[in-house]
Amino acid sequence: MKASALFKLFLLVALCLTVTSYGTRVRAAEPTIPIGILGPFTGSLAFNAEEMKKGMMLAVDDVNAKGGLWGRKIELIFGDTEAKPDKGVAVVKKFITRDKVLVVGGGYASSVNIATSEVCQNEKTPIVVAIAISPTITNRGFDYVFRTSPNSPQFLAGVNEWLEKVKKPKTVAFLMENTDYGRDGEKIWSALSNKIGAKELAHLYFEIGDTDFTTQISKLKELKPEATFNIASTTEAALIQKQAKELNFVTQWIGVGGQFTEAYFKMAGPTCQYAMGSSLEPTLAMKNPIVADFVKRYEAKYQKARPGIFSSQGYDNIMVIMDAIKRAGKPTENLQADRDRIRDALRKTSIELTQGKIEFDKTGQVYTVTPSPVQVQLVDGKPQLFIVYPPARAGAPYQVPLPWDKRK
Amino acid sequence: MESLFLQQVLNGLIVGSVYCLIAIGLTMIFGVMRISNFAHGDFSMLGAYFAIYFVLFLSGWAGWVGSLVVAAIGVGLIGFFVERFLFRPLLTRWTDIDIIMLSIGLFILLENGARLLFGATPKMIPDPFESKTINLLFFSTSEIRLICLLFSGIAIFLLQLFLTKTKTGVAIRATSQNRNAATLMGINISFIYSLTFVVGSALAGLGGVLYGTIFAVFPMMGAVPTLKAFAVTILGGMGNIRGAIFGGFILGVAETLGGNYISMQYKNAIGFVIIILVLLIIPQGLFGGVEKK
Amino acid sequence: MNRRPVKLILIILGILIVLALPFIIRDRYFQHLLVLSGIFILLTSSWNLLAGYSGLLNLGHAAFFGIGGYSSALFALKLNLSPWIGLPLGGTVASIFGILLGIPSFRLSGPYLAITTIGFSEILRLVAMNWVSLTRGSLGLYGIPPLTPFNFSSNFSIKFVSEQNAYYVILVFVFLTLVLLNKLIHSEFGISLKSMREDELGSQSIGIDTSRYKLTVFMISAFLAGFAGSFYAHYVRLISPEMLALSETFSILTMVMVGGLGSLFGPVVGAILLTFLSEGLRFFEDFVKIDIRFVIYGGLLMATILFMRNGIIGLFKGVGTSKEKQPEVKG
């Protein structure tokens with residue numbers, strides 16, 4: 001069959017391509033400043049990774065347009081982790097040995113980043129993790145590991161203060177993603193509930209990719225918790241809101257910030273009214289000129305796309321990296337010495353970006369960023385995010401969730 | 001506790017009805033052609049995307065109903081070409097494993113192709129009722145879910161009518177039971193194959209629209225319905241349509257009740273545990289499947 | 001001219017190249033891929049034993065891999081067991097599960113068996129995700145100790161952390177596995193397997209206890225996969241529930257089909273080719289700026305089934321493999 005002969009040829013060619021791609025990597029004619037960027041660019045989290053990438057490209061294109069650093073262009077090398085730790089490890093090894101990157105950035109999801117950061121530490125290459133909140137990433141004493149996103153206790157601190165001082169719920173329940181993202185938050189909130197004397201009515205779970213939450217919500221409806229902690233990503237969170245409405249279930253939903261993406265608002269619509277979380281959404285801090293500038297430039301570059309939390313975290317991540325590289329000095333022939341200098345420069349980071357001020361503590365964890373408790377409130381029927389506490393920063397007062405028939 | 005139980009049963013029935021539609025297509029195709037199509041759930045995904053794009057042109061009620069029609073026709077057409085050019089050539093040459101693996105390849109291709117074409121961002125098919133809730137005596141649900149349940153029921157009923165009362169339908173069932181005898185009776189097997197695959201795929205497409213309305217639409221959405229459809233099919237007996245109908249509802253309710261009373265964490269495992277248990281005791285499924293080739 | 005010396009020289013040359021590879025190509029990423037290929041060879045060969053030689057379609061193979069990995073990791077982390085012992089121990093735990101899966105295979109076949117194996121694998125994956133106290137859930141087990149070094153004297157020891165040394169270790173295991181499988185296939189056991197694959201009823205009628213055979217191959221196959229999983233755990237030094245996902249089994253399956261189902265070297269070729277291809281495709285993606293990797297795999301699998309049913313080895317059917325009829329797998 002002619003097709004089969006053609007196919008044999010294709011395979012042969014593929015074989016050759018494969019073998020030849022293992023010659024020296026074709027680099028640009030002039031030297032660049034290579035930075036490896038990790039992220040789940042395929043799979044179910046791909047759209048969030050895209051947001052992160054867009055934020056990063058905004059920063060990098062800007063710097064390169066002005067001539068780069070020392071006349072060299074910043075080169076972002078993207079590596080797809082497929083949200084799997086083993087693929088992440090393979091990609092980061094490639095970055096370090098083959099692409100000879102100066103530093104690794106990006107990264108989304110804790111399980112992958114725990115693995116990749118360990119590799120970076122073993123290979124003495126600095127890594128600055130962008131979006132992952134498990135405390136484990138920075139508490140293993142790895143000096144080459146930094147993180148520009150707050151960890152879970154920090155993320156939840158804002159909401160927790162509000163819960164403790166203002167809301168004081170008597171009964172709570174948990175509806176969590178069965179990942180470390182969900183379980184870490186669960187531990188923190190469980191401890192908090194203990195502290196404020198709230199009764200924990202139920203601990204329920206779901207898997208990423210689940211779409212039917214009616215079983216869990218029906219159970220919650222029966223228990224009637226005042227507040228329900230819900231850690232989920234965009235799709236699941238939006239579906240939970242919708243299904244809560246369909247089942248006529250009312251509670252004060254409390255989540256984290258990562259779910260309040262544009263896709264979430266599009267999917268949930270007005271049903272997500274009153275949902276709360278702890279967010280670093282840039283559009284909340286428009287009074288800050290740095291943030292306003294970022295939002296304006298982002299919207300200009302990406303034709304009216306609204307920047308969300310992942311875009312701003314991506315932006316901050318690469319800005320911190322570029323700032324450290326600048327302070328470390330021009331790259332030399334000695335890759336290890338360069339990487340060590342960048343690590344030292346990272347330690348001394350102090351820069352104002354969209355999340356606020358970025359400074360690292362002794363463990364490489366940023367400690368100067370404080371997410372605020374936010375609530376979704378309807379403005380002309382459209383859901384918007386407002387900071388509701390503390391009063392000094394609040395954009396709007398907290399609203400108690402009304403029963404469904406009394407809304408709108 | 002009464003109302004929670006009934007609520008969960010209703011939840012299970014609604015989800016089960018969507019599983020049913022998708023599973024019926026799968027079991028029909030297996031019954032007639034002995035094809036286990038692991039890409040079946042991706043036909044649902046394609047149906048959902050047809051709807052997403054169609055409602056951009058026509059919104060509200062007309063849009064939703066129209067999208068069902070478009071999805072059925074669109075996916076049916078795709079099914080026609082897939083059957084004719086991918087599966088048909090294989091039927092006489094190779095065996096079960098090859099077909100399963102071909103369909104796995106198709107599954108990987110469609111899932112990732114969809115991500116490239118449509119984007120990874122999840123979407124929803126707009127609910128013409130806007131999630132209006134209905135509160136009945138023992139349970140609550142939304143209007144659209146009831147409509148979907150109703151629609152599934154009607155679709156299943158019409159399908160049964162087709163299969164029992166029309167000549168073509170009877171021919172399909174005959175081929176399913178005994179292909180050689182059917183040929184001897186003068187049935188055009190080639191036509192029956194195409195028709196069955198088209199109808200089965202169209203049903204999957206419809207299921208996809210319902211799924212995308214009640215739940216969400218994203219490129220990876222085909223994987224779970226495929227597994228559930230297989231679970232349902234095996235539970236009911238492969239090739240047995242009545243089995244698929246019962247199996248769908250049984251699985252749906254088993255998952256919600258199991259999740260509620262046993263464990264939320266392992267809710268998704270319940271389906272598999274049930275099939276494994278059933279298969280160990282009754283290898284042909286609850287209602288008996290068709291003989292293998 | 002006599003062709004034999006030429007063939008012999010080529011074989012010796014081939015062996016020398018394989019042995020010296022890490023010294024010829026010093027790029028560590030390349031060496032990492034070599035080690036991964038070796039692990040996949042164990043996986044593909046063991047899967048091939050089930051599907052290619054015995055006609056049993058196992059879509060839950062990744063579960064054996066995961067069980068081996070988790071077991072060995074837990075033995076090392078919680079019981080301080082030496083990873084060298086963990087390797088066969090992990091394999092053994094996996095083979096116990098293999099026996100469990102073998103039992104349904106007595107009565108089930110085709111899609112029924114396939115779905116049962118999927119169910120088996122998915123249930124175990126969910127256990128790995130949710131039994132947090134044992135497995136750390138989705139975070140996975142990290143900080144797994146590497147294979148303990150051989151200490152020869154106070155100055156000289158061989159460690160097994162580097163890609164290069166890991167390569168030689170896996171090379172030994174791959175060699176042993178291939179030798180074992182070769183013996184198995186050409187033994188009476190192997191011939192009975194083949195007859196069972198071709199015609200189960202017929203072989204039962206001549207007195208072959210197919211149940212015992214099925215159990216045995218599941219056991220061996222699971223052991224090898226579990227062994228591979230244990231090695232993986234001590235090499236990559238982490239393991240997570242994703243290793244038990246269906247997509248991993250699909251990768252193995254694609255490798256075997258492309259390489260050649262039912263032949264000894266088919267899985268080897270498939271494993272090496274696809275491991276390198278998947279990484280090579282990353283470069284291609286950088287070039288065209290689209291994530292087209294998976295679309296290509298899907299297409300490749302489909303094209304293989306449609307046009308090249310017996311894989312690459314099948315294309316070279318006359319060379320090196322026996323001239324027997326290619327297997328018709330009933331599953």
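Tutor: Buried area is the accessible area (1.4 Å probe) that two parts lose on being put together, summed over both. Between domain 1 and domain 2 of chain A this area is about 1100 Å², with carbon and sulfur atoms giving 63%. The model is a predicted one, in which local features need pLDDT of at least 70 and side-chain atom pairs count only at pLDDT 80 or more, while totals for chains, interfaces and linings use all residues. Residues are numbered from 1 along each chain as its sequence is written, chains are lettered from A, and side-chain values use heavy atoms, with hydrogens and water left out.

Domain 1 brings eleven residues to the contact and domain 2 brings 13, contact meaning heavy atoms within 4.5 Å. On the domain 1 side, Ile133(A), Arg306(A) and Ile309(A) lose the most area to domain 2, together 46% of what that side buries.

Across this interface there are zero salt bridges (a side-chain nitrogen of Lys or Arg within 4 Å of a carboxyl oxygen of Asp or Glu).
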